[in-house]
Amino acid sequence: MDSDALVSCGAMMLQFVAEYWRSIEKRPVVANVQPGYLRQLLPAQAPEQAESFSSIINDLESTIMPGITHWHSPNFYAYFPTALSYPAICADILSGGIACIGFSWIASPACTELEAIVMDWLAKAMNLPEFFLSTGNGGGIIQGTASEATIVALLAARSRIFKEKKTEDPTLTLGRLLDQLIIYCSDQAHSSVDRAALILGCRLRKITSDSDCVMRGEQIEIAIAEDRAQGLIPFFIVATLGTTPTCAFDDLVTIGRVCEKEHLWMHIDAAYAGNAFICPEYQYLLNGVEYAESFNFNPHKWMLVNFDCSAMYLKDRTHFIDAFNVDPLYLKHAFQSSAPDYRHWQIPLGRRFRSLKLWFVFRSFGLDGLRAYIRKHIQLANYFISLISKDNRFEIVFTAAAQLGLVCFRLKNSSNELNERLLKALNDDKRIYLVPSMVKQKYILRLAICSWLADEKHVKFAWDVIEQVTNKLLSE
Ligand SMILES: *Cc1c(COP(=O)(O)O)cnc(C)c1O
């Protein structure tokens, strides 16, 4: 362990990243390389002899950086944002420096205890129901991704229904039960729900959302009745707050009532939009969360915490511990009953000290600073709306319950094919980067405010580019 080298090489690395941030706006937003470009630049074998750290740093600009798509460029408007801040990076340095594996309390008590504390802070900041706090039967855990959280929730729900059905029929096997199980989500839900269903071998039925892309309880009730009549066992549903294509919000209250009546586990995927709930003015969008068994969102998307940090809350942790509990002797310790062992709440055994990132970020910005960040992105999206609304060739489509930093638009009265050509022309132009979506058979363009650096002048620039590219396309 070479402390002096860490100090000198670390300084070089920090300098490089700081310079990168200073130059990011001038870089082409999407990498302009061909597949296999890097193989031509690097040797075919690992070096036999040690090289100097400075020679590694010196190679970055010519090898790695050309192959980077700059997610934090103020001209990047694709997907949803991914978060970035200096305190989160510093926390990751500490996590790397300590390099513990916090699977149980004794494996590093601070790792477990800080996670429970900051997850409680976060739940309180969002005004989540009390049952999600670690002081009751539930609690929060940091998963790697929203996709993992969905799998974990589905596993726990499957374990709950299996336990219940087995008390009715002690000869029941999971294999036989699986044949009958069915889960639900909206046709707008994230593809990770399809993955979760595939991985766990559960039948999935997609509920058709309404014309605003909202899934409602009535449709689910009909589906459940049909499926029960076929001998199936409905047991799990994913409701989305802030869908990926259009940031639509499923109707939690009516869905929740159906779940309560029909004994379904409701998992809420609020991967992106959930971050806005630290602002009191958006907490009304959580109405109905009290029906949820599990709730998840990604601070690594919009709360200045670098990937990976997915905040998951459980109403009753015993379902998770039941689903995942294996207890070999080498993992046992004397405090098992008095402190959570997060290994029982997740798929892997090993886990990083991710809560440091949340702790550093909360303390460096304060909740007020984080709210200001969220509000600024929302305000920039509204600014884009004000610009595009002046051009009557465009229409804003699928406006969600709340405009949370994403704008969906297309050319008015035009074919999907023309909008597809517009998107291609914009991305060929290379000054800004957007991705499209296909919603209700409509090809739409999505502009998501992503960068920490994004300001009104960048949004104005993006609009100017869209206007120019549109003029050229329509005059051809
Ligand atoms: C981004 C997103 C996901 C996937 O998040 P990961 O953390 O990458 O798994 C899931 N659901 C929704 C609604 C999303 O926007």
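When I say helix, I mean a DSSP run of H or I with at least four residues, a strand is a run of E with at least two, and both are numbered from the N terminus.

Quick housekeeping. This is a predicted model, where local features need pLDDT of at least 70 and side-chain atom pairs count only at pLDDT 80 or more, while totals for chains, interfaces and linings use all residues. Residues are numbered from 1 along each chain as its sequence is written, and side-chain values use heavy atoms, with hydrogens and water left out.

Back to α3, residues 86–98.

Which residues of α3 are buried? Those are P87, A88, A91 and S95. They cover an arc of only 100 degrees around the axis, so they sit on the same side of α3; that arc is taken from the directions from the helix axis to the C-beta atoms. G96 and G97, on the other side, are exposed. Buried here is under 20% relative accessible area, exposed is over 50%, and partly exposed is in between, using a 1.4 Å probe and protein chains only. And what do the buried residues pack against? That's α12, residues 355–388.

Now to N306, in the loop between α10 (299–302) and β7 (310–314). N306 has 15% relative accessibility, so it counts as buried. Leaving out residues up to four places away in sequence, N306 touches A83, L84, S85, A88, I89, H300 and K357, where contact means heavy atoms within 4.5 Å. Take S85: N306 is 221 residues away from it in sequence, yet 6.8 Å away in space, C-alpha to C-alpha. The N306 side chain also reaches the backbone nitrogen of S85 at 3.1 Å.

H300, one of those N306 neighbours, brings us to the ligand: a polar side-chain atom of H300 lies 3.5 Å from a ligand oxygen. D269 has a polar side-chain atom 2.6 Å from a nitrogen atom of the ligand, and a polar backbone atom of A146 is 2.8 Å from a ligand oxygen. On its own the ligand exposes 390 Å², and the protein buries 88% of that; these areas come from the Shrake-Rupley method with a 1.4 Å probe, and for residues only the protein chains shown count as cover.

Note on methods
Polar contact = N/O pair within 3.5 Å; in protein donor to acceptor, adjacent residues only side chain to side chain.
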